Every structure is written in structure tokens, then in C-alpha cells.
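User: I would like to learn how to read a few local features in a model of this kind. Could you take me through them one by one?

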Amino acid sequence: MKRILLILLALFLLLVSTIVVLPYFFKDDIVAYIKNETLYATINFDEDINLGLISTFPNLYVGIKSLSIVNKAPFEGDTLFFAEEIKVEVDIMRIISGHMEVKSVDLVSPRILVQVMKDGRASYDITLPSDSTEQEAESEESAPYSFKLSSLSITNAHMQYLDSSLATFAQLRGFNFLMSGDFNEVEMAIETQMNAKGLSLDYEGVPYLTQAAMSYTAGLVLYLNEEKYVFKENELLINDLGLSFDGSMQFVAEDMDFDLSFGITKTDFRTLLSLVPSLYANDFAGLQASGNVGLDGFLKGTMTETLYPAFGLNLLVENGAFKYPDLPTELRNTQVELAVTNPGGIFDLTVVDLLKCHVELDKEPFDLRLLMKNPDSDPFVDMALEGSIMLERIAGLLPLDGVSTFKGMLTTNFSASGKMSDVEGERYDAFNASGGLTLKDFAYQDADLPELVQIPVMDFVFTPEKASLQTLDILLGSSDISMTGYLQNYLPYLFHGQTVKGQLDVKGNYLDLNPWLADEEAPGTDAGETEGGDDELSVVEVPANIDFALNTLIKKVKYDTYDMDNMRGLLMVQNQTITFKDLGVDMLGGSMTIAGSYSTQAPNKPSTDLTFDMNSLSIPGVYETFMTVRELMPIAQQIKGNISGRIALRNNLGTDMMPVLESVNGKAKLDIARMELEGNSLWEQAVQYLGWDESMKRLVITKIKPSFVIKDGNIFLDPFDFDIKGQSFTFGGKSSLNQTIDYALDTEVPAKGLGDKAETLVSELTKGMVNPKLPEKLPLRFMITGPMDKPTMKPVLRGAEGADLKTQVKETAKELIEEGKEQAIAKGKDALKKEAELLRAQSKELRAKAAKLKTEAAGLSKKGEELKAESAKLRAEAQAQKAKIEKEMASLPKLARDKAMIPVNALFSKADEKMAEANKTFDLAKKPEQEADKLLMKADELDKKAEALLKD
């Protein structure tokens, strides 16, 4: 008996030891499992994984801390998922058999960021492609499964969803989730509870919910064989508004069958008001409210690619009223009757009937009525809007934080009735639209506005043909602006998205922009040029459905330290392009006229094509005002004078609206009557070589007419001549995109009477010669090269490289022979030999540079071919998707087809961009190839000269 007890004790100790030790045998396997390479993302976590088996036996407990999933391109560096800790319980026996069955999962403080681009690419799509054949085989062999999920919990989560393809932003803050249920291959019964401290939803720029409190309790049964979902006792609470719904949803082949109904659980007017962010955020608990509200709806029937189920929504508000106890104004007698119905079939059968919408602000009534039918085919509208509002009473109704002034009288009596086809067909007698909108004595000031905004009068008049702005006077502090204009085709624009046409005339005596730009940019910088901060500029996209003309005449405009007079011109918006016609302004001591365009027909690559005609503009002012000048011609900062002439520039803009320098092309012809250059170290060095006195360090040049060409961001300055103290100079060269310059300043100097530094150059030139005969004047070149911010200057006597020196040496040798001085001849030969060696060394250096350029050209050509292949692949994919949409969605409304084509068109655009980039790369490859050929030709010439010297 004792022996049996000892054996049992030993077995028990062995079992306990195994339970304690066993988890650590699987630690490396768990780490490897998490770090599997099936995800296109970077996974990081604390590899000190917490494992346990005793308290959870026979389940294995796994605790993982600081788990993150970081996206790769095109969402490079964005964290898709992070959790402080993930706790998981799995069946240890299933792990031993090579499977993993999850019993429970707890996520502690996860942070989730989901992004979707305009072309449909999503940050959560991180699964790499796998072998579908193996998956199918594995699926066929898998046995029926059944397990119970004791809990799935999420604690204190923060989630963000940004969808550019749908213009949607959603956020959940302080989100908690608990789910449990029974799962098998036939049926899943799930119980869910969730809540969030803040729910925000923004769609197409409209904030529908802002930090709303949310809770949701749901019972859900999934019948997997039938693909049917049954909702039981579901209740959604947003702020104080409770919404219940039940019913079912089922997939039938490729269609969906609905039988859902919903309604609110509370019927007091206060619950509806809780959805208004400005109300709920301001002492909602103290709000005095009365009245009844009813809301219900349904969705019943089958949805196919061409048909809709029947649906309905009813909203009723009776005798609604509310007032804050500390504010004087009360909203009363609110009456709303709204019905949205569709009997099923096509969406065009939808009817929106706002039979009544009446509110009274104290005793001032405001009424709205709307009936809309056939929204798809030919919208019919019957609407009326009538009433007056003293804006001071809105300030007395709502707590407007930070608002110090809000007043004025708004009056409207607009009505419209008829079919949209009558407006589009210009049958205006069949469509009634009349009335107006008037605003008088408006004034507004809050903590974020730098100055008081006043509108003494604004008057809109509506007819079927157009909406006319009869008068709009605006006062912005000391600034005054007046506007008149009109909009044509405004109703088809509102209801059908057709092109709206119009004109606006803007006049003013004085406009001070500084107060309104103070927080956006620092003085002396271009708009959007400030670094750091969240208000970076993005592409300003010109709408496709606007045909608009803006005439401007403002007598005086103040921007930063600049005073601009007589701002005038015509600005036209059409075909996603803004065209400038004779847009002129008197500024910088002269005047300037701009003509050209800004286009976003390719939204990812906006472009400008502008011509600037300048008359006596201050050069320092031009440097400070235009970023392109600062980037490509930094020396302008040290130049004083006025400039006239014409500059034509074409370039693309980046996503920050700044010029893409390598895309800048253009030309210029300038006229500078007088310019001064002072404090330039390079010119000061030139003065020393020329032997001039200190006063000449201040360079003054008159009557110069430089011209240059800009190609792919590189400036090629044509050589131009000027005189200083009766001495002729020639200046020219180029500056490159890599912020380097290569300029030359040529002149002729007397062989005698030079500065000390120049005398040294002459000594080096005539070294080894006996009584050399030099010309009276020597050609001197100042080579200015290096980075733009720190260029260097090297003076070169041009006779030092080539025939001039050779001729001089030969003449000297001839003279020495006649005199019988063999020693001098030997020295002459040594000089020739050294010169030949120098030429060969230069040839070798040129050939090495040519080899590098050839390698660079080959690399660019290879990249071009890769881009070309990528473009072809994208285009083929887009064509396939387009064909599929045209085939499968032919019977759907055009709106649906257009929406489906958005990502396809994005693919086509991307293919075009890749091909354009490929062509540009091919063009870039030609440049180093051609440069290399030129260098090799020059090297050949140098070798020939060296051989000739040695023969002599």
C-alpha cells in the first residue's frame, strides 16, 4: 500500500512538473507563430511572453505585451494596431495536435487606425497572397468544429477610420466591448455589449455626430447554412436617444433579403435634442425641454444589383420646446412631420415629404416645407422657406462659447416648384422659383477671429434661371469689400451635380490680409511654407462642374510688409482649371501682370503655366516674395535694383502646393537699368585679382539685359556683356537642381599692373621660360562653382590650357636656339612635356566622369523600363475591372456605375502617371548619355593635343 502511495505521489509530482514546465517548450513556437511572414506589415511585441497552465488547466494562458502592427507602403510607418496587452486562452491539447483553438481573448487599451485611399487601397489589407489550391484542399479535409467562446473583450480602445474614397471619418474613444456565445458549424448565438465615451462621424465634410456617448446591447443568431442573421433585443443608445431594432437579414445567392424594423425607445423631445452636438456639449443636464417625438422605420424585401427593398422612415415632433435656464431666448412650438417612403423596386420611386417644419424663436416663426419625387430620373421639387430670424436671439438661445458679437436680421421667402427637366430644357415658365434671402446689419466676432466681421447688407434674389447676388457689402475691420454677381443652372447643380455657371464682381477700397494670415504663416514666407505644425497646405482641387468668372478691382491691398495697389484682372474657373487674364497689381515699387493658368485636371499632379510681365520691380522684393526665385537664384538676396521684363514658367506642384523644382520649365528676358551688388565675398576676391581699390567691392552695373532658359528646374543663363571702369566683362553659366552652380566671368587684363594674386598666376604661367613674350592683355576667367549657399571662385588664365602657351613656349625656344642656349631649349621641352602630362591627366579625369554618366544613364533606362511595365500592368488591370463593371452593372443607375468606376479611373490615372514618369525617366537618361559623349570627345581632343606637344 505504501509503495502504491509513493508511486501515485511520484506521478502527481511528475504531472505538476509537466504542467509547470510544458508551456515553456511552446514559447518559441508561439513567438514564431506571431512573427509569421504571411502579413505585409511589421509586427513588434515584447518577446518576454507570459505563459501559464496551472490556474487555467487544461487551457494554456498566453499574455503578450506591447503588440503592434505597423503598415508598409503605401501607408508606410502608420500603426494599424497597437495593444498594451493581449490575453489569450487556448486548448493545450489542440496545440499539441498542431491546431490552435481560442477559448477567450482580452484586448487591453488597443489603438486602431484604419485608412482607405481614394483608389480603394486599405491599410487593413495586409495579408499576403497564398496558395489557393492548398487552402481549398485543407478546407475540404477539415472536420466539423464546435467550441464555446467564453468571452471576447476589448477595454478602453481608441479607433479611427478615415476613408478618402467615401469622404468618411469615424472615431470611437473610450470604447469597451464584451462578446460571448456558442459557436458550431450550423449556428452561432452571440451576446454583445459595447459602449464608448465619444463617437464621432463625419461624412463629406458634414459632422453628423461629435463626441456622442454611445452604448449598444445586442443579441444575434447566425444561421450559417442559410446565411441568415437574426437580430434579437437590439438597442442602440446615442447620448439620450435610444433606438431599438429587430428582424433578420439573409443572403440569397448574390442578393440580400431584409425584414428589419426600428424605432426610438424614448418619446420626449429632449432625447432628439441630445444628438445636436452644440446642445449636448453645453450643460445638457440643465436644459429645460418639453414636447413629444416619434421615430420609426422599416426595410423589407430583396435587394439585387438593380432593385431595392421597400423602406420607410417617419419622424414626428409635437409641441417641441427648449430653453437654457441662464439664457433669455426660448425655442417653442416646434412641429415636424417627415415621411420618407419607397414601395420597393427602383430607387426612383422614393418620396421625401416634409409636410411641416415649424419653429418659433420666441415669437418669430420660421417655416419649411419640402416634397421631392423621382430623385434619379427627373427630380420633382415643391418647397417653400419663409421666416425671419433676429440673430441676437440665437445667441440668447444657445451657449456660444467664445462668441462676443452675433447680431443681424435674416429674412427669406423662397419657394420652388416643378420638374428638373423643365429647368434643364430652359422651360422656365413651367418651373416656379421665386423669392429672396436678405441679411441686414450682420456682425460677428469670436475668440478665433482677428477682427469684427460686418455685413451691412446682403440681398439674394431667386428665379428659375438664376440666383442673383444683388448686393453684398463686407467690412473686415478696416477692410471693405463689395460684391455683385449671379449663378445660373444652380438647381441642376444642387440636385443633379450639373455644371453651375456664374460671375462675381469684387470691388474694394482697402483690404488688409495680415490679420487673417497671422496664424497661418510667418512674415516673409510663402503661403504654406511654414514648417512644423498641423496646418500644412494640401492640393486645392478645382471642381469639375463650375464655370465661373471673377472680376476684381481693389484699390489697395496690404500683405505682410507689402503694399499692393490697383489689384485688378479677370479670373476664370472652367474644366478644373483657373485661368488668369491680365491679373495685375502695382507692387514692389513697380507693377506686375500675370497671365496663365492653374489646373487640377490631374488631381495628384496640379500644374501652373504662368507668364509674369514686370515693370521696375524691386529685386530684393522679388526675392522675398517668390519662393522659386529664392530656390533657384539665391544671389538675388544681395542685389539692389529694379527689374523689368517677362518670365514664363511652367511647372507641377507637390501635394503641399509648392513647386516641384525638377518640373520647372520656362524662359525669361529681363532688363535691369542699374544694379548694385555689395557684400559678396566672391566679387571681393575678384577685385583683389584685378588689382582694384577697396571702393570697387561695391559692384555697380548699368544697362544689362540678361536672358535665361529654365529646363527641368535647371537655369541656363545666356552670356551677357557689361562694362566696369571701361573694362569689358562677360557673365554666363548654369545652376542645377542639386543646388550647385557653374558660372564663368570672363575679362581681359593687362599683363602688367595686376594685383598680387593675379601676378602669381602669370608667374605660374611663364614658369621655366626665359624672357617670355606675353601679349599685352591676358584672357582671365573667374570660374564660380560649387553649392549655391557656399560657392567658390577659381581664377584661370585661359592661356594656361592649350595653344596660347604652346605658341609662347615655341617662340621662346626659337629665340634661344638662335642665341645658342641649349639649356633654355631643354627647359622649354620640359615645359611641353609637363603640359602634355597635364592634358593627359585631364583626359583621364574626363573619361572617368563619362563612365559614371554612362552608368547613371543605364540605371535610368532600366528604371524607365520598370515603370513602363508597371504602367502596362495597371492599365491591363483597370481594363479588366472596367469590362467587368460594364458587364455586371449595365442595368444599374449611372450613379452606381460611376461610383464603381472611381477606383478603376484611379487605376487608369495611376497607369498614366507611371507612363509619364517612365517617359520622363527615359528623357533623363538621355542627358547623362549625351553629356558622357561630349566628355569623351573632349578627352579625345586633349589626347591629340598632348601627342602633338610631345612630337614638337
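Predicted model: local features only at pLDDT ≥ 70, side-chain atom pairs only at ≥ 80, totals over all residues.

User: Which strand pairs with E34 over four bridges in the antiparallel sense, and spans residues 714-724?

Analyst: That strand is E35, which pairs with E34 in the antiparallel sense over four bridges, and Lys711 stands opposite Asn714 in E35. The hairpin of E34 and E35 has two residues between the strands, and in this hairpin Asp712 takes a positive phi near 50°.

User: Which residues form the positive surface patch?

Analyst: The patch is formed by Arg650, Lys667, Lys669 and Lys711. Of these, Lys669 is found in strand E32, residues 665-677.

User: Is Lys669 buried or exposed?

Analyst: A residue counts as exposed if its relative accessible area is over 50%; Lys669 therefore counts as exposed, at 65% relative accessibility.

User: Where is Glu227 found, and what is its phi?

Analyst: Glu227 is found in the loop between strand E9 (206-223) and strand E10 (228-238), and its phi is near 50°, a positive value in a residue other than glycine. With a relative accessible area of 43%, Glu227 is partly exposed.

User: What is the peptide bond from Ala73 to Pro74, cis or trans?

Analyst: The bond from Ala73 to Pro74 is cis, with omega near 10°, and Pro74 is found in the loop between strand E2 (59-71) and strand E3 (79-91).

Technical notes. Residues numbered from 1 in each chain as written. Heavy atoms only, no water. Patch = residues over 30% accessible without salt bridge, like charges linked within 9 Å, V, L, I, M, F, W, Y side chains within 5 Å. Areas by Shrake-Rupley, 256 points an atom, 1.4 Å probe, with all protein chains shown as cover. Salt bridge = Lys/Arg side-chain N within 4 Å of Asp/Glu carboxyl O. Lys, Arg positive; Asp, Glu negative; His and termini not counted. Charge placed at Lys NZ, Arg CZ, Asp CG, Glu CD. Buried < 20%, exposed > 50% of the residue type's maximum accessible area, 1.4 Å probe, protein only. Pairing = 2+ DSSP bridges.
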